[in-house]
Amino acid sequence: MREKYLESVVKELWINMDIKDKMPKSVAGVDGSNVRVDFQGFTLYGVDAVATFYDDVKDLKYSNSKVYALADLDVLIPPRARERIDLYREILEAKTALLTVLENDVELLLMDGSLKSVLITPSIEPIVVAMDKVSKIFGDHVYLELYNLLSKSLRSYDKLRDQPIITKLLITDESKVLTEDDYLAVVLLEYIEKLESYRRLLLKCFEKDTLLAFISKTGRSQAYFADLGKKLRKYIPADITVFQNLTSSPGYSKPRMEDRPIKGMPNILSLREFYDKLRIAVTYIRLEEGGPVLKLEIPYIINVDASTIEGDTIRLLSYLKGISPQGYPYVLMEAHELSRISKDTINRIIYSLDLIPQRTGREVLEGWLM
């Protein structure tokens, strides 16, 4: 009986649609990758981001294409290495997307993943404590310095490739010996660089009327059915799982947008002021009968009305239908493949640096145990 009730709710939320495909005049897809290998006392990592861009439609095909790529290979010492590597990848994805929009007339920009997840504060709470450490170690002027260096790096593709992570220029000072607690300040600076990079991307898309969407094949959000689960006193799986299993037709779920701003934004470089105005509309879509359900996020500045969100969702479905073989955007599949850092690649780098004998220290232990 409860399952039937859930089905009836899903039926009310899911809008069936005969999607008519319409190719955007230009489209770009962005994805990134990272890999790391832990050694004794340090971590070797590689991160990259790739944007594939297509325009100039002729005979229902794009006749022009470009690829933009940013990458960084370096060593980090503990602590927080894994967390910082994720930050670097997200920074590169934002900058690669921004570069593509700056240099081209992009009608549709697709980014892999979730904007909500990207903007979540890393484990540096309370932020005021991290801000105090930044002031003591680097000085209050460091935020403006970061802002200006970021602006300079974005002046050309070559500059951006030379300096993909600006924060590194600010924290590389032999006169400063950082303790484990001091890395709280480093992570905050890297988080600020990420927030500023995404702010610039969002503002440029709003300015150029580029339709920006974040697309996920997975998700754990339960926003659609949380209240229903409480009412039924029963666990309901993630929204994407429910729509995948209880619908089969092409269409979309009625878009949802929270009225509240994203929590925990730092009051630095007016970032809190900007992100307090940002709202993210969420919907789930299917492009073909029996195909995969995808999570779709569309960012807006507050005061957007429901009809605008509905119109953008329908326009996106039409655009995506024509460029999504097997129900998933080709530009994102291509960006994913181009950005993927294989194990063979990182192993060749390790061998070239002659790091194998001291990889983890387990080699000695295993030798004793044999």
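These exercises work through a predicted model, from its overall size down to single residues.

Local features need pLDDT of at least 70, side-chain atom pairs count only at pLDDT 80 or more, and totals for chains, interfaces and linings use all residues. Residues are numbered from 1 along each chain as its sequence is written, and side-chain values use heavy atoms, with hydrogens and water left out.

**Exercise 1. Work out what the radius of gyration says about the overall fold.**

Step 1. Take the rule. The radius is computed over C-alpha atoms, and the globule rule is 2.2 Å times the number of residues to the power 0.38.

Step 2. Apply it. For 370 residues, a compact globule would come out near 21 Å. The protein has 22 Å, which agrees.

Step 3. Along the principal axes, the C-alpha atoms fill roughly 60 × 50 × 45 Å.

Step 4. Look at burial. Of the 370 residues, 51% count as buried. Buried means under 20% relative accessible area, exposed over 50%, and partly exposed in between (1.4 Å probe, protein chains only).

Step 5. Look at contacts, meaning heavy atoms within 4.5 Å. Among contacts with a separation of 6 or more, 77% link residues 24 or more positions apart.

Step 6. Count the elements. The protein has 15 helices and 10 strands. These are DSSP runs numbered from the N terminus: helices are H or I with at least four residues, strands E with at least two.

**Exercise 2. Decide how far S6 is enclosed.**

Step 1. Count. In S6 (residues 211–216), 6 of the 6 residues are buried, so the strand is largely enclosed by the rest of the structure.

Step 2. Leu211, Ala213 and Ile215 are buried on one side. Leu212, Phe214 and Ser216 are buried on the other.

Step 3. Bring in leucine 115 of helix H3. Its relative accessibility is 0%, so leucine 115 counts as buried. Leucine 115 touches Phe214 and Glu297, among others, not counting residues up to four places away in sequence.

Step 4. Compare sequence with space. Leucine 115 and serine 216 are 101 residues apart in sequence. Their C-alpha atoms are 9.9 Å apart.

**Exercise 3. Identify the buried faces of helices H4 and H10.**

Step 1. List H4. Ile127, Ala130, Val134 and Ile137 are buried. They cover an arc of only 95 degrees around the axis, which puts them on the same side of H4. The arc is that of the directions from the helix axis to the C-beta atoms.

Step 2. The face away from the buried side carries the exposed residues Val128 and Lys136.

Step 3. Find the cover. It includes helix H5 (142–153) and helix H8 (183–208).

Step 4. Look past the end. Glycine 139 follows H4, with a positive phi near 90 degrees.

Step 5. List H10 (residues 239–246). Asp239, Ile240, Val242 and Phe243 are its buried residues. They fall within an arc of 160 degrees, so they line one face of H10.

**Exercise 4. Describe the surroundings of threonine 121.**

Step 1. Locate it. Threonine 121 sits in the loop between helix H3 (115–119) and helix H4 (127–137).

Step 2. Classify it. Its relative accessibility is 14%, so threonine 121 counts as buried.

Step 3. Find its partners. Neighbours within four places in sequence aside, threonine 121 contacts Ile127, Tyr191, Lys263 and Gly264.

Step 4. Check for polar contacts. Within protein, these are pairs of N or O atoms within 3.5 Å, one able to donate a hydrogen and the other to accept it; residues adjacent in sequence count only if both atoms are side-chain atoms. The side chains of threonine 121 and tyrosine 191 make one of 3.4 Å.
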